[in-house]
Amino acid sequence: MTRRARLALFALAGPAFAAVLVIGLHGLPTFGDYHGVYGLLVNRIEPRLRHATDIVTALNFDIRAFDTLGEEFILFTSVSGVALLLRRLRVADEHAERSRGTEDHRFAGASAGVRMSSLLLIPLLIALGGYVVLHGALTPGGGFQGGVVMAAGPLAVLVAGRYLIMKHLAPEWLLEAADSAGAAGYVLMGVGGLIFTGVLLKNFLPLGTPGELLSAGMMPLNSIAVGLEVTGAFLLVWTEFLDQALITTGGEEG
Amino acid sequence: MSFLPYAAAAWLFLVGLWGVVSSTNLVRAVLSLTVVQSSTYLVLLGIGFRSGAKAPVVADIPQSSRLVDPVVQVLVLTDVVIEATVTALLLALVVQAHKRFGSLDPADLRILRD
């Protein structure tokens, strides 16, 4: 289909779709006047039964624990997919990359100020990410959110123009190991539930005092497992894409 | 109370769709898709909102407080993860397409045209 035909089709279908969308959305509960039962029930029982104060995380790792298992493996599978797609392309150009041991790629050339700020950012990002992961069951956050922040830590090395050092600090085998260990850790805890309580993914650890770091049963451990996986997964995806950018530069320069 | 959140969601969906349809650059098409997806966050969070209610975190407020619905918020979390993975996969395909056809214009994808 040519671009013009596409645009003409959209000019016809777009307004019709917009009308249907508005009619459909009008059928939803009025904004601010929600009467769903599940949310109210969850808000009442999760802090009491699991001693978690962040109900969203509690829901994520307790009532929806099985969905989170699926979500983890969606992430795992798609990261494998990205690696598979991009690494096949990389093999042919590997020698071009090998010969380039110095930091003269397209990401090099950060000013002293940017390098200094990145150096300050690295520990701050990792500390903040770790905090968000560990306090998942207490305050807003959790493994997914904190994992992304932690992954941004090594990325600050790239901002400083030192991509090869970033790859040295977070080599692919380490990222793959973190990704896999996180996914496996979550599954193992689920199996622990099966062994100790007879129910897959059910909590089998003491609940502790609400509001304390070690409370809410196995949620902190779930959070750490997910955080590990997300950190590894995101850094792996970024590394794969950045490698592509390096190859492209190498190709252009001959 | 107000239809505004839903109207904004519908607008985001359509603008994103327009972006996908009108793109002459595959990266722009992928980014437009994330705009479409962000409309779902607005719909989900809009549904679960209860006027005057607080976030479902009872770390420093009493458990009996009026709280918004946490179920839709968890769904948004899932939604964000899916968006990130879908975007990564699509961008990897875009890299493939660029290697193969030497262009980012969807009109240049020769296999699709034949």
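Modeller: A residue is buried if 20 or more other C-beta atoms lie within 10 Å of its own, exposed if 12 or fewer, and partly exposed in between. The model discussed here is predicted.

Colleague: Is B:Val35 buried, exposed or partly exposed?

Modeller: B:Val35 belongs to helix H2 of chain B, residues 26-48. Since B:Val35 has 17 C-beta neighbours inside 10 Å, its class is partly exposed.

Colleague: Which residues does B:Val35 contact, leaving aside neighbours within four places in sequence?

Modeller: B:Val20 is 15 residues from B:Val35 along the chain, and their C-alpha atoms are separated by 9.6 Å. Contact is judged on C-beta atoms, within 7 Å. By that criterion, and leaving aside neighbours within four places in sequence, the partners of B:Val35 are B:Leu12, B:Val15, B:Gly16 and B:Gly19.

Colleague: What percentage of the contacts in chain A with a separation of 6 or more joins residues 24 or more positions apart?

Modeller: Along the principal axes, the C-alpha atoms of chain A fill a box of roughly 65 × 55 × 40 Å. Buried residues make up 37% of the 254 residues of chain A. Among contacts in chain A with a separation of 6 or more, the share from residues 24 or more positions apart is 73%.

Colleague: Are H2(A) and H3(A) roughly parallel or roughly perpendicular?

Modeller: The two axes come within 10 Å and cross at roughly 75°. Angles of 65 to 115 degrees fall in one class, and therefore the relation of H2(A) to H3(A) is roughly perpendicular.

Colleague: How do the residues of the contact of H2(A) with H3(A) divide by class?

Modeller: H2(A) brings A:Val42, A:Asn43, A:Glu46, A:Pro47 and A:Arg50 to meet A:Ile55, A:Ala58, A:Leu59, A:Asp62 and A:Ile63 of H3(A). Sorted by class, these residues are 6 nonpolar, 1 polar and 3 charged.

Colleague: Which residues of chain B does A:Leu59 touch?

Modeller: In the largest nonpolar core, with 73 residues, A:Leu59 is listed with A:Ile55 and A:Ala58 as touching the most other members. Not counting residues up to four places away in sequence, A:Leu59 touches A:Val42, A:Glu46 and A:Arg64, and also B:Pro70, B:Val71 and B:Val74.

Colleague: Which helix gives the most to the side of chain A that touches chain B?

Modeller: The contact draws 47 residues from chain A and 42 residues from chain B. On the side of chain A, helices H1 (3-26), H2 (37-50), H3 (55-63), H4 (65-98) and H9 (219-252) each supply at least two residues. This side has 27 nonpolar, 13 polar and 7 charged residues. With 10 residues, the helix that gives the most is H4(A).

Definitions and conventions: Residues numbered from 1 in each chain as written. Chains lettered and ligands numbered in written order. Predicted model: local features only at pLDDT ≥ 70, side-chain atom pairs only at ≥ 80, totals over all residues. Core = buried A, V, L, I, M, F, W, Y, C linked by C-beta atoms within 7 Å. Contact = placed C-beta atoms within 7 Å. Helix = DSSP H or I, 4+ residues; strand = E, 2+ residues; numbered from the N terminus. Nonpolar A, V, L, I, M, F, W, Y, C, P; charged D, E, K, R; others polar. Axes fitted to C-alpha atoms, helices over the stretch in contact; angles between N-to-C directions. Parallel < 35°, antiparallel > 145°, perpendicular 65-115°, else oblique.
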